[in-house]
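Thanks for asking me to look this one over. My notes are below, as numbered points to read beside the model.

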Amino acid sequence: MQGPVAIILAAGHGKRMKSERAKVLHEVCGRPMIRYVVEAVRGAGARTIIVVVGYGADQVREALADEPDILFATQERQLGTGDAVRACRPLLEGYQGATLVLVGDEPLIRPEPLADLLTRRETEAAACLLGTAIVPDPTGFGRILRDGAGRFLRIVEERDCSPEERAIREVNPSCYAFELPGLWDALERLDTGNAQGEYYLTDAPQLLEAMGRRVIALPCLEPDDILGVNTRQHLAQAHAILQTRIQDRLMEAGVSIVDPRNTYVDGRASIGRDSVIYPFSVITGTVRVGVGCKVGPYAHLRDGTVLEDGVEVGAFVEVNRSTLGAGSKARHLAYLGDATVGQSVNVGAGVITANFDGKLKHATTIGDQSFLGSGSILVAPVRIGSNATIGAGAVVTKNHDVADGQTVVGVPARPIAENR
Ligand code: UD1
Ligand code: CA
């Protein structure tokens, strides 16, 4: 087993979501929230990742199926966060070293503070380095109790807090760096003497301390890092914060976003300098936009779309798994799906690539400098040459390819000379 190890707790149902799905699979900015936690621990240097599953275990495994190096531990019954960590013990038999423990419902956690936790635990030779945060509103979190000298005493769950403890604003975000095998000793000593009758992981630091091990609580996390998603309202808050992060990163790299609050950009999208995103545009999935493009208002760029430099995609244009070559324009009311569009192509208003025959999706290819008249329909599979002209309202039927320089009109589309 290669260290550092990261354990991500994801066995709970998340009753407050009022959902059939496991909580960690609810999406923030187009991806299940557990993905972000996985990315964060990887970014912090974790070499082995264990996800504890229970409620909806199969769904969670499936959602992470494309990450073959993730290990799963099953917690049969949800007896609490401490019990969930215990479920990893068989996988970690013989492992000695650092182990991050996080919860799967805090998608905004960034790798940097987690890497700090690992480093500090090592330099301090601590059995537990507990990351904490000081937040304006501590509702819902366990509180951090310290003695008069500021030394860590214990974590108290909100349900178990006295009124004075409830007022404490230093909270437990469930970001721990432990040392194994020491943690197992503490987990063996957990009991269920608390308001929920569960085995609380939050008791582990205090137990380690009582066993004479070194425990440090370090306020190294920002309030935004630790937003826990327990309700749909929290999900929307997480989404808003993540959009701000994604869009700030793009703006810092030279992209103009005219109205950030009315724009949605997936974290996997890349956008080149001097491109402008107009309001009400939605960019989902892995999309690449080149330099100096104009997108929107009201454009929808979907997964697998590539806009090369200087492309314009305007109002009510949807582009899906398609490439538009440099300088091409689709300014109004068009659908381009599974299309490869060359350079300097004019896609008129209302043009549609009919890529789906009810069973399968088919490709459309359009050569450089072609002109697609308003309202034309290209029934895929079909290939339009370069410098071709499709008359307004023409229907190019499938496999009736249009040659370079040819003009076709009508329904079904025919070369213009034949038509006369
Ligand atoms: C927990 C912490 C609390 C902390 C808060 C936010 C405990 C006892 N409390 O409370 O101090 O402030 O997180 O970080 O740890 N889970 C399991 N198995 C279980 C129970 C939970 O895998 O038996 C998982 C859930 O899927 C979830 C995570 O652990 O991802 C946290 O569970 P949750 O019920 O949300 O804990 P909180 O009440 O938020
Ligand atoms: Ca929670």
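1. Strand 12 and strand 15 (residues 276–277) run parallel to each other, paired over two bridges. Within that pairing, Ile 257 has Ile 277 of strand 15 as its bridge partner. Strands here are DSSP E runs of at least two residues and helices are H or I runs of at least four, numbered from the N terminus; two strands pair if DSSP finds at least two bridges between them.

2. A word on the source: this is a predicted model, in which local features need pLDDT of at least 70 and side-chain atom pairs count only at pLDDT 80 or more, while totals for chains, interfaces and linings use all residues. Residues are numbered from 1 along each chain as its sequence is written, ligands are numbered from 1 in the order in which they are written, and side-chain values use heavy atoms, leaving out hydrogens and water.

3. Strand 29 (residues 364–366) meets strand 32 in the parallel sense over three bridges, with Val 382 as the bridge partner of Thr 364.

4. Do look at the calcium ion (ligand 2): Asp 105 (OD) and Asn 230 (OD1) coordinate it at 2.5 to 2.7 Å. Asp 105 sits in the loop between strand 6 (97–103) and helix 4 (111–123), and Asn 230 in the loop between strand 11 (215–221) and helix 8 (232–252), so the pair ties together parts that are 125 residues apart in sequence. Donors are N, O and S atoms within 2.8 Å of the metal (3.2 Å for Na, K and Ca), and water is not among the atoms, so sites may look incomplete.

5. Are Asp 105 and Asn 230 buried or exposed? Both are buried, meaning under 20% relative accessible area, where exposed is over 50% and partly exposed is in between (1.4 Å probe, protein chains only).
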